[in-house]
Amino acid sequence: MDTKERILKESMDLFSNKGFKAVTVEEIAGRIGIKAPSLYKHYKGKREIFKALLDEATLRYREFISTILTSSDTIPTPEELGEKLSSLLEYSLHDEYVAPLRRIMTIEQFSNKEYGDMYSNLYVDTMLDYHISLFSKMMDKGLLKRGNPKEMALLYDAPFILLLGECDRHPEKEEEAKITLKEHAEYCFNLFSNNN
């Protein structure tokens, strides 16, 4: 691992455990055994390091999301929807970039609007937009009752955010949360189904 990669790795660990503001450039440099001026040869400062970490995490998250979201022509079954939520929970909790940076954004969102907006975009807006579109298509095909797709998406997505935070605080609850998300997808499908 080269110095630039080590800077990112150690910075990620420090930021995710202490928060962005609490970490100094000197502390990052000390973790990898260099002086602060040497760190500046690779990054202009703490903010540039954090931006590099965020860019990588955002790229990885969007790539993963694109693998679990179905195409606009495909309508997933309730089981597939549940598996997608469960997979996204697991990925969000364990990816080496996404998991710690999501925790950093959670901490920093209250003192930095940019991070709050980024968190909302990745973990709320992306999911809501996808499910609003999906539920609209399912209504058009007669698979779901006519209704407000945004309200349906809010009801459907809310437990994911709740359980993600719960698993951050209590990692031992992850398997239970995955089962809950699968059951929730089935419940919502039955609730929204045109067959009721």
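This is a short walk through the structure, one selection at a time.

**Before you click**

You're looking at a predicted model, where local features need pLDDT of at least 70, side-chain atom pairs count only at pLDDT 80 or more, and totals for chains, interfaces and linings use all residues. Residues are numbered from 1 along each chain as its sequence is written, and side-chain values use heavy atoms, with hydrogens and water left out.

**The whole chain**

Start with a cartoon view of everything. The protein has nine helices and zero strands; helices are DSSP runs of H or I with at least four residues, strands are runs of E with at least two, and both are numbered from the N terminus. Taken along the principal axes, the C-alpha atoms fill a box of roughly 65 × 30 × 30 Å. Of the 196 residues, 45% are buried (under 20% relative accessible area with a 1.4 Å probe, protein chains only; exposed is over 50%, and partly exposed lies in between). Among contacts (heavy atoms within 4.5 Å) between residues at least 6 apart in sequence, 66% join residues at least 24 apart.

**Helix 1 and helix 6**

Now select residues 3–18, which are helix 1, and residues 98–108, which are helix 6. Their axes are 8 Å apart and the packing angle is about 40°; axes are lines fitted to C-alpha atoms, for helices over the stretch in contact, and angles run from 0 to 180 degrees between N-to-C directions. The pair is therefore oblique (angles under 35 degrees count as roughly parallel, over 145 as roughly antiparallel, 65 to 115 as roughly perpendicular, and the rest as oblique). The crossing is left-handed, meaning the near helix is turned anticlockwise from the far one by less than a right angle; clockwise would be right-handed. Show side chains for M12, F15 and S16 of helix 1, which meet P100, L101, I104 and I107 of helix 6. That contact holds six nonpolar residues, one polar and no charged (Ala, Val, Leu, Ile, Met, Phe, Trp, Tyr, Cys and Pro count as nonpolar, Asp, Glu, Lys and Arg as charged, and the others, Gly among them, as polar).

While you're on helix 1, pick S11. Is S11 buried or exposed? It is buried, with a relative accessible area of 0%. Leaving aside neighbours within four places in sequence, S11 is in contact with I28, I49 and L53.

**Helix 7 and helix 8**

Next, select 113–140 for helix 7 and 149–169 for helix 8: these pack at about 140°, with axes 8 Å apart. They are therefore oblique to each other, and their crossing is right-handed. Residues to show include Y119, Y123 and F135 of helix 7, and P149, F160 and L164 of helix 8. The contact has 15 nonpolar, two polar and two charged residues.

**The core**

Which residues have the most contacts inside the largest nonpolar core? They are F15, I49, L101, Y123, F135 and F160, in a core of 58 residues. Such a core is a set of buried Ala, Val, Leu, Ile, Met, Phe, Trp, Tyr and Cys residues joined through side-chain atoms within 4.5 Å. Helix 7 gives the most to this core, with 11 residues. Zoom in on Y123: not counting residues up to four places away, its contacts are Y61, S92, V98, R102, M105, F160, I161 and L164.

**Last stop: S193**

Finish at S193, in the segment after helix 9 (174–192). S193 is buried, at 4% relative accessible area. Beyond its neighbours within four places in sequence, S193 touches L143, L144 and K145. Its C-alpha atom is 9.1 Å from that of M139, 54 residues away along the chain.
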